[in-house]
Amino acid sequence: MADQGGFSFDLCKRNEFMEARGMKGPGFTKTGTTIAGVIFKDGVVLGADTRSTAGTTVADKNCEKIHYIAPNIYCCGAGTAADTENVTGMVASQLELHRYATGTQSRVITSMTLLKSHLFKYQGHVSAALVLGGVDFRGPHLFTVYPHGSTDSLPFCTMGSGSLNAMAVFESGYKDDMTKEEAMDLVARAIRSGIFNDLGSGSNVDLCVITKEGVDYKRNHEFLQGKPYERQFPQKFATGSVPVVRERVFDVRRAVTVVEGEPMEMEG
Amino acid sequence: MAASLPMRATVPAAGSGVKQHASWSPYDDNGGTVVAVAGDDYCVVAASTRMSTGYSILTRNKSKILTFNPKCLIASAGMQADMETLHKVLHSRHVTYQFNHRRPMGCQAMAQLLSNTLYHKRFFPYYTFNLCAGLDEQGRGAVYTYDAIGSYERVGYGCQGSGKELIQPVLDNQLKAASPLVLPAQQWLSSLPLEQAVDLVKGAFVSAGERDIYTGDDVEILILTKDGIRTDKLELKRD
Amino acid sequence: MLPRPQSHSAALGPGCTGPSLANPTPLGLEPRPVRHASQAPACGAEAFVVDPVALANGQPRKHTQYPYVTGTSVLGITYKDGVLLASDTLGAYGSTKRYKAFERLRKVNDACVVGASGELSDFQFIMRLLEELSDDDFCMDDGHRLKPAEVHSYLTRVLYNRRNKMDPLWNSIVVGGFYAGKPFLGTVGMIGTSYTDAHLATGFGNHLARPLMREKHRPDMSEEEATALMHECLKVCYYRDKNSINRFQLAKVTADGVSVSEPFALETKWGYKLFQDPAANAVGTW
């Protein structure tokens, strides 16, 4: 069975039965999120906040929501964290193989079609809401992909729980043919709008600028707030608070040999 | 959040059975955290000022504390409309009490009154989680903690609201909760000096603000001593 | 059968024993006559009023448990010398644009306006309550009028008491006013949730307009700046709220009194390149 690939549905019937009897299944990490993208004169800017939540608590204060698809294509993900990570990873791997086979640059439209086919096949159960952006030989492209597999091609778009807050900024600030700096400012402002107004979004602003020349991934482009208060009487443990029961000293050099040489090539 | 609320009234739409329709619940959770720490001669009370519903912030500046007199106040988290009503009722009762008795109500009396007021609505409860705090007859700090329907007990420190799972264990650890089962009975008052207690409360709120999405914006801090009430403010993150 | 104790307040309706001093009579001791003058017989006998509970066969009443004709967001901001409130003029029947000239901003007195989103018949009922109070003030002829904070507090109690009866008034209301040199801006929700702030928005406006207000609002804005901000917020709400139309009203409260503008439209832009040719980027897929 395993070598066929795809999801395993073996225990669905059992789980359905147990849930009817009152069992509660495990919860998932949802990224209550603000993600956004804008097309400007010669490229695309993608943006995301960096908070991931589990219920009402923050699970990760600085997570990455802009995923790699191809050297010229990136994708922001909102929804269930596992779904966005895996669905973008699967498409990235398919495109990698496709590039080996064809020797040409991946097109944004191809990745969009792969994403929507996969999501439509699973009828919304793979809950990934995506903002896909990239530049290929046809120029800059920006798409939203909904969990059920429908897509939109737009000059500016937002997704996630903070999508309305970010969209308000776009609706009031977007214009055609912006410069790179204008576009970056607008997207950062839209993400900030999500961070400060939507409780599901928070922490920092990530940006990803894609042009014909290449990708400028600005991880933590804006660090918005530090800790607002330092303890005046922090809990300090004096040296020796923990008794040393046993002590052993190893000489590492006897177990490990260090060889000089070139590091193995990682990137193609 | 909504799943844990006790009541939900739905009105089926005419015709089709599965049609989307407006529904409403008489309850909402507006979030927020309140903390109180009692000392030998002081009481520190703090409450976050963010008021939210669902994933949106309604206002960044809503007080959750009602001060009756320099020795008694209550702080409430939960549903704002119920909180406002409860505060109005208690305020009015406190005014009447002063007319009748020619003195402000003591903390112990207010604690019992709050319990009775909450239990009065046992079958349609106020969705509020309260702390009654102040100074007792001997001038020692007093904190009373409640559930939504009026069960209460006097404690050395307390925490209620959306951040309580994060803050309560820290207070337990730092203020050395004496188990009520330990014999002979242990003293429950916080042994910390005032500045350290305030520092602890501030530190607890900063940490809760990092991890609880409903705790943020500002914290108003009231410090009750025999000299009166001093207020302090702490800014938290606004995301 | 002895009559059931009635509350004085029409807001609470029959069968509710409210605090007897909630609405004191001018004479102090004399019980006030029944308020529904139009339904009361001229001979002075008890009015014959159908108790809606009796019609529902002992079941809880179901009408008004569902909004029919609704209004969308109301926005409000304070500025240097007053308060601005704004909304569109649509009364929507589901997603049908049913009434396009419904005025959702109403004057209460010279210091106060209210704006409502939600069920509009409930809003008309609420306006009747406020008009009764204003009429009482007028009849007393002592120059007193309800302060904005009092109107806000009153509405809070009305909506909260109705939610307690599980028969809510399906509204979010914004109260704007100017009193003692200070602007007042407050809101009440259908279950009684209330707060005041320097800027407010109900419904969708909380997601779309509030972020812009939080970015750009200052309490010392001039009227021109405040109006410009309001127009921007209205426009964004119109772009993204499908239950809205491009026909707005703006209410202003200052020391000089209340003014509600004539309906106006805002200039919109739909002509972005990719809006005009949405398929440009979708060549090769479906």
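Begin with chain A of this predicted model: of its 268 residues, 45% count as buried. If contacts are drawn between residues of chain A at least 6 apart in sequence, 64% of them join residues at least 24 apart.

Next, turn to chain B and select strands E12, E3, E4, E13 and E14. These five strands form an open sheet in the order E12-E3-E4-E13-E14, with antiparallel pairing. At its edges are strand E12 (157-161) and E14 of chain B, each pairing on one side only. From one strand to the next, the twist averages 15°.

Within this sheet, select residues 33-38 and 42-48 of chain B. They are strands E3 and E4, which pair in the antiparallel sense over five bridges. Here Val34(B) stands opposite Ala47(B) in E4(B).

Helix H3 (residues 164-175) of chain B lies across E3 and E12 of chain B and runs at about 170° to E12(B). H4(B) also packs on the sheet, where it touches E3, E4, strand E13 (218-225) and E14 of chain B. The direction of H4(B) makes about 15° with that of E4(B).

Finally, display both chains together. Here 22 residues of chain B are in contact with 23 residues of chain A. On the side of chain B that touches chain A, strand E6 (56-59), helix H4 (194-211) and strand E14 (228-235) each supply at least two residues. The largest share, seven residues, comes from H4(B). By class, this side of chain B has eight nonpolar, five polar and nine charged residues.

Note on methods: Residues are numbered from 1 along each chain as its sequence is written. Chains are lettered from A and ligands numbered from 1 in the order in which they are written. This is a predicted model: local features need pLDDT of at least 70, side-chain atom pairs count only at pLDDT 80 or more; totals for chains, interfaces and linings use all residues. Two residues are in contact if their C-beta atoms, placed from the backbone, lie within 7 Å. Helices (H or I, at least four residues) and strands (E, at least two) are DSSP runs, numbered from the N terminus. Ala, Val, Leu, Ile, Met, Phe, Trp, Tyr, Cys and Pro count as nonpolar, Asp, Glu, Lys and Arg as charged, and the others, Gly among them, as polar. A residue is buried if 20 or more other C-beta atoms lie within 10 Å of its own, exposed if 12 or fewer, and partly exposed in between; C-beta atoms are placed from the backbone. Two strands pair if DSSP finds at least two bridges between them. Axes are lines fitted to C-alpha atoms, for helices over the stretch in contact, and angles run from 0 to 180 degrees between N-to-C directions.
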